[in-house]
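This report looks at how side chains pair up in one protein chain. Please keep the sequence and the structure in view while reading.

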Amino acid sequence: MPKYFHELTIEEMFEHHDHTYMMADDNRAYVNGKKEREILEDKVKSSGGWTEELVNKYNKFAPNDSMFQKDWKWMQEINK
């Protein structure tokens, strides 16, 4: 049975999210990706926020490029 994005687990969201949506030429892809990102961020926030474990899971599915990967150490620095 198909699920809507907001019904996915956090890890499933990481896997199915269009990590490169901001590069899309098609505005619909950009809008959909941005909405997915908002849903994903809300779900992470409601589960207690970003942890090193979540960052590692996210990076497992994000393209292997520093532009799309999250940096746990940097996230810690900006949240001090």
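The sections below go through aromatic rings, a surface patch, salt bridges and one isoleucine.

## Model

The structure is a predicted model. Residues are numbered from 1 along the chain.

## Aromatic pairs

The model holds four aromatic pairs. One of them joins F14 and W50: the ring centres are 5.7 Å apart and the planes meet at 10°, so this pair is stacked. F14 belongs to helix α1 (residues 10-16), while W50 is in the loop between α2 and α3 (52-61), so the pair ties together parts that lie 36 residues apart in sequence. Both partners count as buried: F14 has a relative accessible area of 0%, and W50 has 18% relative accessibility.

Another pair is made by Y21 and Y30. Their ring centres lie 5.6 Å apart with the planes at 45°, so the pair is tilted. Y21 is buried, with a relative accessible area of 10%, whereas Y30 is partly exposed at 31%.

## A cluster and a charge

Which residues form one aromatic cluster? The members are F14, W50 and Y58. The ring of Y58 also has a charge over it: the charged end of K70 sits there, 5.2 Å from the ring centre.

K70 is buried, because its relative accessibility of 17% is under the 20% limit for that class. E41 is partly exposed, with a relative accessible area of 26%.

## A nonpolar patch

M22, M23, Y30, V31 and M67 form a nonpolar patch on the surface. Together they have about 470 Å² of accessible area. Y30, one of the residues of this patch, is also the partner of Y21 in the tilted ring pair.

V31, another residue of the patch, is placed in helix α2. V31 is partly exposed, with a relative accessible area of 43%.

## Salt bridges around E11

The count of salt bridges comes to seven. Among them is the one between E11 and K57, whose closest N and O atoms are 3.7 Å apart. E11 is in helix α1 and K57 in helix α3, 46 residues apart, so the pair links distant parts of the chain. Both residues are partly exposed: E11 at 31% relative accessibility and K57 at 29%.

E11 also meets K60 in a salt bridge, at 3.8 Å from N to O. Here too distant parts of the chain are linked, with K60 in helix α3 and E11 in helix α1, 49 residues apart. K60 counts as exposed, at 59% relative accessibility. How far does the network of salt bridges reach, and which residues are linked in it? The network is made of E11, E53, K57 and K60.

## The place of I39

I39 is in helix α2 (residues 27-46). I39 is partly exposed, because its relative accessible area of 22% falls between the limits of 20% for buried and 50% for exposed.

Which residues does I39 contact, leaving aside its neighbours within four places in sequence? The contacts are F5, H6 and M13. M13 is 26 residues away from I39 along the chain, and the C-alpha atoms of the two are separated by 9.0 Å.

Definitions and conventions: Predicted model: local features only at pLDDT ≥ 70, side-chain atom pairs only at ≥ 80, totals over all residues. Heavy atoms only, no water. Helix = DSSP H or I, 4+ residues; strand = E, 2+ residues; numbered from the N terminus. Buried < 20%, exposed > 50% of the residue type's maximum accessible area, 1.4 Å probe, protein only. Contact = heavy atoms within 4.5 Å. Phe/Tyr/Trp six-rings, centres within 6.5 Å; stacked < 30°, edge-to-face > 60°. Lys NZ or Arg CZ within 6 Å of the ring centre and 35° of its normal. Patch = residues over 30% accessible without salt bridge, like charges linked within 9 Å, V, L, I, M, F, W, Y side chains within 5 Å. Areas by Shrake-Rupley, 256 points an atom, 1.4 Å probe, with all protein chains shown as cover. Salt bridge = Lys/Arg side-chain N within 4 Å of Asp/Glu carboxyl O.
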